[in-house]
Amino acid sequence: MRIAIIGVGKLGVKLCDALAGGDYEITLVDTNAGLLEKVSQQYDVMTVNEDGRDVDVLSEIGIGDYDYAIVSTGDDEINMTVARFAKELGCKRVIARVREPEYMRHFDFIRRTMGIDHLVNPDFAITLEIYKYLVEKYTLSNGVFTSGGIALIEFPVSRKPELIGLSMPEVKSRMPNALVAAVSRNGKVVIPHGHDVIKEGDYIYMVGEKEEMLTLNKKVHVKGKYTDLRKVMIIGGGKTGYYLAQRLADYGASVKLIEQSKERCQYLSTRIKNVMILCGDGTDIEFLEEENIDEMDAFVAVTGFDEQNLLLALTAKQRGMKDVISKVSREGYLALLQNLGVDMVLNPLDITAGNIFSLIQGEKRVVSSILVQGQAEIVEIVAHRGMNTIGKPLAELDLPRGLLMAAIYRGGEVIIPGGKTTIEENDRVLIFSLLTEIPELEKLLKKK
């Protein structure tokens, strides 16, 4: 499969990392020669130091023979225009990154009139994950994901307290037909192994035979309204803050949105309804106290600076806030925030790259994929002839800790795999993967 990435910023590099291990011929087009040289030293890609807006450049690289063109410059108009050019020149699928709210309201119209197959918006993608966490609490629809004879359920361990303190082998001995696929702890999704122990306050993702899991779900599912969310404070009036404030206000929550720029506050006040827009320094604790930070049900830090979000999230958590969420783009900060107890830490680049990866993987018999708290993904595939995984015992695949073969559905039978289990052609395989392990997941799906 041939893929062109036009505009090689952070997202472009992230996509290179995710796709470089697979069966792809990748071409990067950008005007920044230094960046292209740096990326080409890390990955086996072809680079073109030209302006992607030039139709002659697109023609010279043979864009009409490409399966995908992903346009991710820093300008929405350029992205839509170049995507349109690529489509007109014969590219099979085109994806454009579009972030401005003015375009968000017309996504379907833009796609239809400009012939763009998919539009991606990192700010809106992270907004949806935050909204789901605060309002719905469940990642999965009604707490359940089913496919064939397999079901995966999610529930707070407090609904099944006998699991607290048990290691994974001990859980297996009590529930031989089920597997703990993942645990959400202090806002961090982890895939447990060996002697990892379930702790009080954990959120469990368990997979097994469908009827057995649905029966268990009736006992552990939290019924009724999932949240009593009433008051939310958002720091940062950028695109994420804009989208989130409006969505929470539409839900019925009382939202205070704090932004430092007067000009931006004026912009927000004319476009968002039923939200209190406050012009002030979100890092000023006295100011936050005056605005009753301690009365909030949730606190969300989504400024454009990771360090500010880090400081704000820790401050809110130390004050005993119930739900604290932070946007962080640097990988190094994610573990720090999670280890200090912040409820949810999201990286918009991971989420967007994961979404694009899922679109591309749809060409490779991926049945479905679902994001889990914006940090992991449930991927269901149909094993096809030639895949690296076919016929090998799982113990020999050298799977990373962040990736788990959770269940196999074969000939009407559900298999909870162990180290000696092999994947056979046409198996339906449920995989639980952290978004940081997308490159490793791609290697597994690669042909021999």
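1. A residue counts as buried when its relative accessible area is under 20%, as exposed when it is over 50%, and as partly exposed in between (1.4 Å probe, protein chains only). Asp 202, at 2% relative accessibility, is therefore buried. This is a predicted model, in which local features need pLDDT of at least 70 and side-chain atom pairs count only at pLDDT 80 or more, while totals for chains, interfaces and linings use all residues. Residues are numbered from 1 along each chain as its sequence is written, and side-chain values use heavy atoms, with hydrogens and water left out.

2. The sheet. Helices (H or I, at least four residues) and strands (E, at least two) are DSSP runs, numbered from the N terminus. Six strands form an open sheet with parallel pairing, in the order β3-β2-β1-β4-β5-β6. The edges are β3 (46–48) and β6 (118–120); each has a single partner strand, so one side of each has no neighbour in the sheet. From one strand to the next, the twist averages 20 degrees. Two strands pair if DSSP finds at least two bridges between them. Strand β2 (residues 25–29) pairs with β3 in the parallel sense over three bridges. Val 29 has Val 48 of β3 as its bridge partner.

3. Helices on the sheet. Contact here means heavy atoms within 4.5 Å. Axes are lines fitted to C-alpha atoms, for helices over the stretch in contact, and angles run from 0 to 180 degrees between N-to-C directions. Helix α1 (residues 10–19) packs on the sheet and touches β1 (2–6), β2, β4 (68–71) and β5 (93–97); its direction makes about 160 degrees with that of β1. Helix α4 also packs on the sheet, touching β1, β4 and β5, and its direction makes about 175 degrees with that of β5.

4. A residue of α4. Asn 79 belongs to helix α4 (residues 76–88). Is Asn 79 buried or exposed? Its relative accessibility is 0%, so Asn 79 counts as buried. Leaving aside residues up to four places away in sequence, Asn 79 touches Val 71, Ser 72, Thr 73, Ala 96 and Arg 97.

5. Two crossing helices. The axes of α7 (residues 122–136) and α15 (residues 348–361) come within 9 Å and cross at roughly 100 degrees. The two helices are therefore roughly perpendicular (angles under 35 degrees count as roughly parallel, over 145 as roughly antiparallel, 65 to 115 as roughly perpendicular and the rest as oblique). Pro 122, Ala 125, Ile 126 and Glu 129 of α7 meet Pro 348, Ile 351, Thr 352 and Asn 355 of α15.

6. Salt bridges. A salt bridge is a side-chain nitrogen of Lys or Arg within 4 Å of a carboxyl oxygen of Asp or Glu. The count by this rule is 21. One of them joins Lys 87 and Asp 117 at 2.9 Å, N to O. Lys 87 lies in helix α4 and Asp 117 in the loop between α6 (107–114) and β6, so this pair ties together parts 30 residues apart in sequence. Lys 87 is partly exposed, at 24%.

7. A further pair. Arg 185 forms a salt bridge with Asp 202, with the closest N and O atoms 2.6 Å apart. Arg 185 is in strand β9 (residues 178–185) and Asp 202 in the loop between β10 (188–190) and β11 (203–209), 17 residues apart. Arg 185 is partly exposed, with a relative accessible area of 24%, whereas Asp 202 is buried.
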